Amino acid sequence: MVSQQERMVGDTARIDSADAGATESNGDQSAVVTGAQLKTSVVDSSGQKVRDIPADRIRFIASTRWTDVGWRVVEIKVLT
């Protein structure tokens, strides 16, 4: 998590795959997404490094819903 006035430097994640999941009765569509959280640094508003965030595998379910302006993510559930 990054606090206010802080930001991550560089690329923070890579998506390796996204596979279609279930379609809910209300039309929501889910996808199982896997990838990697890349090692990155967090800097404060002056550009000073605050801490490093280590690399790790990521896996989550993204639920999407069709709206009048296209598909929108409505929920992300992190899988362990």
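## Asp 28 and its surroundings

Leaving aside neighbours within four places in sequence, Asp 28 is in contact (heavy atoms within 4.5 Å) with Ala 22, Thr 23, Thr 64, Arg 65 and Val 74. Asp 28 lies in the loop between β2 (13-23) and β3 (29-37), where strands are DSSP runs of E, at least two residues long, numbered from the N terminus. With a relative accessible area of 8%, Asp 28 is buried, a term that means under 20%, whereas exposed means over 50% and partly exposed in between, for a 1.4 Å probe and protein chains only.

## Basis of the model

This is a predicted model, in which local features need pLDDT of at least 70 and side-chain atom pairs count only at pLDDT 80 or more, while totals for chains, interfaces and linings use all residues. Residues are numbered from 1 along each chain as its sequence is written, and side-chain values use heavy atoms, with hydrogens and water left out.

## The three-stranded sheet

An open sheet is formed by three strands in the order β1-β4-β5, with antiparallel pairing; two strands pair if DSSP finds at least two bridges between them. Its edge strands, each pairing on one side only, are β1 (7-9) and β5 (49-53). Strand β4 (residues 40-43) is joined to β5 by four bridges, and Val 43 has Lys 49 in β5 as its bridge partner.

## Ser 46 in the β4-β5 loop

The loop between β4 and β5 holds Ser 46, which counts as exposed at 57% relative accessibility. Ser 46 and Met 8 are 38 residues apart in sequence and 13 Å apart in space, C-alpha to C-alpha.
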